[in-house]
Structures are given as C-alpha cells and as structure tokens.
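Please consult the sequence and structure shown here.

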Amino acid sequence: MSDTGKAWVFGDDIDTDVLAPGLYMKGPLSTLAEHCLESVDPNFAPNVQKGDVIVAGSNFGIGSSREQAVEALKLLGVRTLVAKSFAGIFFRNTLNFGVVALACEDAGKIRPGDQISTNPAKGKITNHSTGETYNCDPLPAQLLEMVIDGGLVEHLEKKLAKKDADQ
Amino acid sequence: MGSTLAEKIIAKAAGRESVKPGDFVTCDVDLAMMHDSGGPRRVNPILTRLGTKVWDPDKVVVITDHFVPPVDAMSAAILDMTRKWVVENGIDNFYDMQGICHVVLPERGHLSPGMFVVGGDSHSPTGGAFGCFMFGVGATDMAGVLVTGHTWVKTPGTMRVDINGDLGVGVSAKDIILHLCARIGMGGAEYQVVEYTGDTVANLPMTERMTLSNMAAELGAQAGLIAADETTSAYIRAAGGDAGDPAQWQSDADATYLATHAVDAAALTPYVAAPHSPANSAPVDEHKGVVVHQAYIGACTGAKLEDLHMAASVLKGHKVSNQTRLLLAPASTRITAAAAADGTLAALTEAGAILMPSGCGACAGYGAGILAEDEVCISSTARNFQGRMGAVSSKVYLGSPYTVAASAIAGHITDPREFLNGGMA
Ligand code: SF4
C-alpha cells in the first residue's frame with residue numbers, strides 16, 4: 001500500500017502537449033516541468049507536493065511518444081497516476097520511467113483534494129476522504145519491481161549488475 | 001470462450017495457453033525493427049550505459065529512411081552513426097536507403113503470420129496486414145528489447161472493423177481508413193487492436209491491406225491486424241519469406257470483441273481529410289476546389305506499387321497543372337524499379353510528376369519537398385498535423401493516390417472519378 005497523497009483531478013484526453021508543452025521541449029526538464037499541465041490548471045505545477053496523485057478521465061497521455069511527459073510529472077514528485085484509461089505509448093512510458101499508472105473505471109468518483117492511497121499489486125485504490133475503495137487493473141509483480149527500481153533502464157542495470165556479481 | 005487473433009499471438013509469445021484483455025504478460029520478441037531516426041542514435045546511449053549488446057542480431061532489422069538522402073551535416077552524421085552501429089553489433093539485416101521501413105520490412109520477407117514484432121516507429125501497425133502483432137515502441141522500450149529479447153504487454157482488447165461490398169471506381173483502402181478516422185475519431189481505438197475483416201478486405205491486395213493497418217495508428221490502435229490468407233502467403237513467398245501456417249492464426253468464431261463497426265464499401269466515395277487531423281475527413285465534394293500548391297505521392301501509406309498504379313490510371317494522358325507541382329517519392333527502390341519496368345513511372349513522369357528518392361521525404365518534414373508558409377498540399381501520406389510537412393502555417397489535405405493525382409491535374413482538390421473510365425462523368 002502506498003502512502004497517502006492528495007488528488008489533483010483532470011478531465012478526458014489530457015495530451016502530451018499539455019503535460020510537456022512543445023514550446024519548452026528544447027529547454028531543460030526542470031523548465032518543462034514548471035509548465036506541466038499549465039494550460040488546464042496553472043496552480044498545479046507550483047503547488048503539487050511529492051506523493052500527490054494525478055486523477056484523470058479517459059485517454060490520459062494521448063498524443064506524441066515524448067517520454068518527457070512522464071519525466072516532467074516524475075520531477076514534480078508525482079509517483080501515481082489514476083485514470084479511466086491511458087494512451088498506449090504513454091502508459092508504457094509511465095511504467096518504464098518508474099511511475100505507477102492505474103486504470104480505474106471509478107476514477108471519476110475522486111474529487112480534487114481527496115486523500116488517496118493505492119495498492120497496485122492488489123488492484124485497489126482507497127479514498128480516505130470518502131471511505132470508498134475502487135478496483136483498478138492490478139500491476140503484476142515483475143512490473144512493480146521495475147517501477148520500484150525506478151524504471152526499465154534502472155531495473156535492467158540492477159539485473160545486469162546482479163548477473164555480473166553472480167559470475 | 002474463443003480468442004481473437006491478437007490474443008492468440010500474445011499468448012504464444014508469452015508462453016501461455018491463452019490471455020485475455022487486461023492481462024499483463026512478458027512476451028518473447030520475434031523481431032525488432034528500427035529506423036535511423038528513432039533507432040541506434042537513441043538506443044545506443046542506453047545500451048552503452050548498461051554496458052551490453054544486442055540479444056540476437058539475427059532478430060534485429062535496421063532500415064534508414066527518415067534522413068535519406070542526407071540534406072545537411074547533421075542528417076549525414078546520423079546515417080554514418082547508424083551504419084557504424086550495425087557493423088559493430090553484427091546486424092546483417094540492414095537496408096540502407098532502400099525505402100521506408102514499414103514497406104521494406106515485408107518486401108524483404110521479414111514478416112510471417114503469428115509473429116510478435118516491435119517497431120521503433122508509430123506506424124508499426126502496418127505489419128499487422130501480414131497477420132503479425134506488430135506495435136510501435138519508444139527508445140527506452142526498444143533498448144529493453146535489444147538487451148533482453150522480451151518486453152511486457154498489457155493485453156489489449158480487439159475492435160472489429162467488418163468491411164463488405166465492392167469498392168467503386170476511384171475508391172481505395174485510403175478512403176476506407178479516412179472514413180473510419182472521421183467515424184471513430186483519432187484515438188477512438190486507443191490502446192485497442194483493430195482487426196479488419198470482411199469480403200472487401202479479402203479481395204484487397206497486400207499493399208492496400210497495408211494502408212488499412214498503417215493508419216490504425218491514426219485511430220490510436222496498438223495494432224491493426226488482418227488475418228493471413230492465400231493473398232498473404234503468395235506475397236510472403238514471393239518476398240522470399242516464410243508464409244507459415246495461416247490457418248493457425250485466425251480469430252475464433254466465438255472470440256469476444258470490444259465493438260464491431262460495419263463498413264459498406266460500395267457506398268463509399270473518395271474521402272479527403274482537411275487540416276490538421278485525419279479525423280477531419282469527409283467525402284471529397286466537401287473540399288472540392290481548394291487550390292493546392294503541391295501534390296505529394298509518398299510515404300509508407302501512399303507510395304506502394306498499387307498506389308503508383310492508381311495515380312498513373314488518373315494521370316495517363318493528362319498533364320500536371322502549371323499552377324501546382326506533383327512530387328512522387330516511391331516507398332522503396334524496388335517499387336521504383338517495378339514501376340519503371342511496367343511503364344508506370346513513364347506515365348507519371350510524362351504527366352509531369354517529379355521523381356524523388358525513396359524515403360520518408362516530406363511526410364514528416366525531415367526530407368525534401370517541404371512546404372512554405374501558407375502553402376497547401378494534398379498528400380497520400382497518413383498524417384496532416386500542423387507544421388508536420390513544413391512551415392507552421394502550411395496546410396495538408398490527405399487523400400488517396402487517385403485523389404492526389406486528380407487534384408494535381410486540376411490544380412485544386414478534385415474528385416478522381418472525373419478522370420476514370422466507368423466513373424461518373
Ligand atoms: S513515411 Fe511518414 S508515416 Fe511512414 S515511417 Fe516515414 S515519416 Fe512515418
């Protein structure tokens with residue numbers, strides 16, 4: 001079970017240009033992160049706290065394959081995303097960069113500011129503000145291990161180092 | 001309960017009896033395809049960081065197409081780096097400047113029904129026309145595949161698109177998929193598999209099936225599958241590949257689909273997508289008369305041999321308007337050779353088409369043929385996002401090769417049936 005984090009709620013079809021605006025793509029990641037989600041909620045980037053949870057509607061992360069869309073959220077301290085559904089490439093990028101993405105039919109029941117914790121292995125989301133629990137698609141153990149390691153590259157690095165040590 | 005074709009391929013790759021939508025599995029990758037833009041230059045830093053090499057060089061195909069031929073020192077350096085990387089990594093399946101990856105891959109016999117394939121490009125669903133589960137991945141995912149030979153997948157559900165009836169004169173697979181883009185919407189099949197079925201599909205040649213699978217990407221689909229049949233086997237055998245066992249790779253009659261969309265092919269007219277989205281598609285009549293400064297026949301979507309035949313059938317005996325220009329970039333060098341041998345190239349160039357190298361060219365704005373501010377182009381490519389083909393204020397309309405050719409003759413968007421025998425007058 002994750003620590004409890006505050007929900008930031010967004011609508012459907014939040015695209016990669018909203019998450020990582022093209023205008024700032026050439027600059028450093030820190031600048032890009034300052035403008036993350038700015039066009040739909042200018043209060044988000046300046047106020048989001050480490051451990052806060054993003055909650056959204058359908059097709060979250062639709063658009064380009066830019067991995068910076070996940071990296072910006074990660075830099076801001078977001079480690080968990082809950083959405084009705086995720087765009088395909090974004091979903092892969094999210095887990096590959098060590099961020100938990102949970103597809104949840106009931107995402108729409110979560111209100112801004114609700115205190116949320118998740119259990120990705122069991123596929124459970126708890127809303128401590130309302131006392132509700134929601135089901136989500138669970139993440140299998142080996143993917144969770146990758147996420148906990150920090151992402152795909154870090155996970156492979158660890159596995160390869162272990163193999164070397166075993167030899 | 002039966003399985004869809006996609007579920008069967010994923011289950012096999014995962015070493016399971018069966019999988020269902022939502023299941024996370026780890027799959028063995030049968031083939032990994034990369035191009036010069038998203039390939040070695042992006043994955044090599046990760047492989048270097050991990051201090052490791054490619055898991056199985058025989059299962060990797062590298063194709064240069066985005067920066068060919070190089071137009072500046074930067075693109076030349078990218079190609080140079082790519083060539084050195086394939087040598088260092090022992091990759092024999094390397095096609096340098098031979099054409100666009102999604103067309104070259106099956107043309108050289110690399111695809112067989114039932115394969116689980118990853119491609120470092122968003123139009124990787126094209127491979128689904130051969131009954132493969134092929135999907136696009138980013139650089140991090142690709143590096144993971146190159147190191148381990150496998151990748152994780154969340155099994156997608158399948159949407160069926162059942163297409164029946166005879167296509168009319170001057171109407172093609174491109175018109176079917178543009179119609180679907182308007183109907184289902186960009187992202188309407190997000191993270192789903194689109195499986196095309198029906199007698200129209202069964203009667204289409206492989207190149208036309210590839211157009212349907214290719215633009216499944218525009219629907220947001222992970223893959224765009226068409227079950228293999230005799231047409232598939234014949235194509236693969238001619239390409240020197242392994243036709244495998246098509247009977248094994250079919251959806252079960254009682255498979256579960258997320259949705260089924262029926263398309264009446266006989267009722268379709270030529271379609272055109274207005275800027276800046278393929279979903280802005282409508283029958284050509286709605287855009288008739290829009291002046292075009294450039295007509296472009298190119299890309300993995302719209303410059304295969306049959307695409308060139310379509311364009312030639314319209315252009316034969318006509319001239320490109322002196323108000324516009326027609327650029328022709330056949331999708332591969334083999335297509336150029338075949339079109340030269342069968343007289344298609346002569347028909348096109350005599351009409352005034354300007355022959356360009358085989359590669360992505362103007363499609364994504366990397367190569368030659370890009371647009372100035374406010375210029376308008378009608379194109380046989382897959383995407384018309386703002387600024388993709390050049391200046392930010394340029395505008396791209398998408399149409400079939402027939403429609404692009406007809407518009408080139410008229411200098412404005414035109415219904416190709418006006419130029420085709422048996423069509424409306
Ligand atoms: S031709 Fe266009 S759509 Fe096809 S791979 Fe190249 S850039 Fe992508």
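## Basis

The model is predicted: local features need pLDDT of at least 70 and side-chain atom pairs count only at pLDDT 80 or more, whereas totals for chains, interfaces and linings use all residues. Residues are numbered from 1 along each chain as its sequence is written, chains are lettered from A and ligands numbered from 1 in the order written, and side-chain values use heavy atoms, without hydrogens and water.

## Helix α2 of chain B

In helix α2 (residues 40-50) of chain B, the buried residues are Pro40(B), Val43(B), Ile46(B), Leu47(B) and Leu50(B). Viewed down the axis of α2(B), these residues fall within an arc of 135°, so they line one face of the helix. Buried means under 20% relative accessible area (1.4 Å probe, protein chains only); helices are DSSP runs of H or I with at least four residues, and strands are E runs of at least two; the arc is that of the directions from the helix axis to the C-beta atoms.

The buried residues of α2(B) pack against α7 (152-166) of chain A and against β2 (31-35), β3 (60-64), α3 (73-88) and α5 (139-148) of chain B. Gly51(B), with a positive phi near 65°, follows α2(B).

## Domains of chain B

The domain assignment, automatic or from a database, gives domain 1 (5-264) and domain 2 (272-419) of chain B. In contact (heavy atoms within 4.5 Å) are 38 residues of domain 1 of chain B and 35 residues of domain 2 of chain B.

Between these domains the count is 1 salt bridge, defined as a side-chain nitrogen of Lys or Arg within 4 Å of a carboxyl oxygen of Asp or Glu.

Notes: Buried means under 20% relative accessible area, exposed over 50%, partly exposed in between (1.4 Å probe, protein chains only).
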